[in-house]
Structure formats: structure tokens, C-alpha cells
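Here is a short briefing for a first look at this structure. Please keep the sequence and the 3D view side by side.

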Amino acid sequence: FFSVARFCAMAHNYVVTAQKPTAVTHCLTANFTSAHELNLITSKCTRINIHTITADGLQPVVDVPLYGRVIIMQTYRPVGEQKDLLFLVFDRYSFCVLEYVPEVGELRTRANGQLEDKIGRKVEGGYNGVVNDASNLIALHLYEGLIKVIPIANSLGNCQLKEAFNLRVEEPHLIDMCFIYNRNASAGASSSASSSSSSSDPW
């Protein structure tokens with residue numbers, strides 16, 4: 001009896017994942033490894049796979065594990081950068097910005113932080129994240145009725161993320177979102193002014 005009890009007291013359990021995740025949760029293309037190479041970036045729950053798209057097919061570059069489950073994945077290119085950066089948000093609302101270092105063939109963390117708020121109801125799936133064309137704003141839908149905005153100090157030699165803030169929206173359940181640009185705002189305003197002055201119609 002003594003020997004059995006001693007054996008049970010010394011027993012330990014070892015739990016390990018036997019197989020890497022295979023289901024792709026996020027996918028996008030970008031010039032991540034080089035300004036002249038097009039890459040396919042896939043997220044498989046807790047791993048990131050990066051391939052280079054060539055005439056002969058996909059060539060593997062890196063396959064790295066992550067400390068968290070990816071819920072948002074986007075790329076952006078700050079001013080002065082020759083290639084894109086990878087922005088990731090994880091299930092515990094932490095984030096990081098990764099870049100590829102070709103000299104060593106590895107990923108390097110450019111920025112990281114926490115996005116969790118003390119109050120607010122987390123969205124039940126359907127996370128959204130977008131970056132505007134100027135690469136100076138990141139908008140995230142992480143809480144119901146709120147849009148979290150992260151400004152990017154997008155100037156030459158400085159692409160640090162600034163302090164995030166929240167914007168309240170009336171619709172609690174968002175399906176998708178995007179930035180809308182009025183590139184001809186001045187031309188449109190001039191046209192409207194001319195039409196109004198030449199017509200007596202108030203509409």
C-alpha cells in the first residue's frame with residue numbers, strides 16, 4: 001500500500017498538442033518579406049504561415065507559433081517603409097505588430113500592447129479590424145456599440161502606435177466596416193456651389 005501511494009503521489013500528467021492546427025482562420029496577401037515579393041499570409045488559430053508567391057507556386061518562408069488565438073489580422077505600410085507590417089489581435093485582446101527581417105529570416109516585434117477595457121461587453125464573434133489607405137488609423141470592433149481607434153504616428157522614420165480611444169456607435173451588432181474616402185471633395189463642393197447658383201431649384 002505504501003509503494004502504491006508513493007507512486008501516485010509522484011505521478012505527473014504531460015499534455016501536448018500532437019498536431020499543428022490546419023484550419024485557416026485568416027488569409028491575406030502583402031509585400032511582407034520584400035517590396036518586390038508578393039506573400040501569402042495565413043493564420044491557423046495559433047500559428048502564422050508565410051509563403052512567397054512565385055511562378056512555380058508557393059514557397060514557404062516562415063511558420064511560427066503564437067501565444068494566443070488570432071482574431072484580427074491586417075497589414076499596413078507606414079511612411080518610409082519599403083515593405084508591409086503585420087498587425088495581429090489575439091483572443092485576450094492583446095496585439096502586436098510584426099515585421100520580417102530578411103537578414104536573419106525571422107519575425108521581429110515592432111510594437112505590442114493591450115486593448116482590453118475595464119467596462120464593455122465583448123462581441124460574440126464577428127471581430128472586425130481595418131486600416132485606412134494612409135496607414136495612419138486602425139479601427140477595431142471588439143466591444144458591442146464601440147469602435148476602438150488606434151492612431152499611427154505615420155511620419156518618416158516614426159510609425160509608433162499612439163494611445164487608443166473609443167468611439168460609440170448606435171448599432172451594437174456590426175457585420176463589417178470600412179473607411180470611405182471622398183477624394184473629389186473639393187471638386188464636388190465647387191460643382192454643387194455652381195449648380196446651386198445657376199438654378200432656382202432649392203433641391
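**Surface and interior**

Leu38 counts as partly exposed because its relative accessibility is 38%; partly exposed lies between buried (under 20% relative accessible area) and exposed (over 50%), with a 1.4 Å probe and protein chains only. This is a predicted model, where local features need pLDDT of at least 70, side-chain atom pairs count only at pLDDT 80 or more, and totals for chains, interfaces and linings use all residues. Residues are numbered from 1 along each chain as its sequence is written, and side-chain values use heavy atoms, leaving out hydrogens and water.

**On the surface**

- Leu38 sits in the loop between β1 (26-30) and β2 (39-43); strands are DSSP runs (E, at least two residues), numbered from the N terminus.
- Together with Ile53 and Leu58, Leu38 forms a nonpolar surface patch of about 230 Å² accessible area.
- Patch residues have over 30% relative accessible area and no salt bridge, and nonpolar side chains are joined within 5 Å.
- A salt bridge puts a side-chain nitrogen of Lys or Arg within 4 Å of a carboxyl oxygen of Asp or Glu.
- Accessible areas come from the Shrake-Rupley method with a 1.4 Å probe.

**Buried residues**

- Tyr76 belongs to strand β5 (residues 70-76). Tyr76 is buried, at 3% relative accessible area.
- Beyond four places in sequence, the contacts of Tyr76 include Asp84, Phe87, Val131 and Leu161; contact means heavy atoms within 4.5 Å.
- Asn132 lies in the loop between β9 (128-131) and β10 (137-143). Its relative accessible area is 8%, so Asn132 is buried.
- Asn132 touches Leu137, Phe179 and Tyr181, leaving out residues up to four places away in sequence.
- Tyr76 and Asn132 are 56 residues apart in sequence, and their C-alpha atoms are 8.5 Å apart in space.

Definitions and conventions:
Patch = residues over 30% accessible without salt bridge, like charges linked within 9 Å, V, L, I, M, F, W, Y side chains within 5 Å. Helix = DSSP H or I, 4+ residues; strand = E, 2+ residues; numbered from the N terminus.
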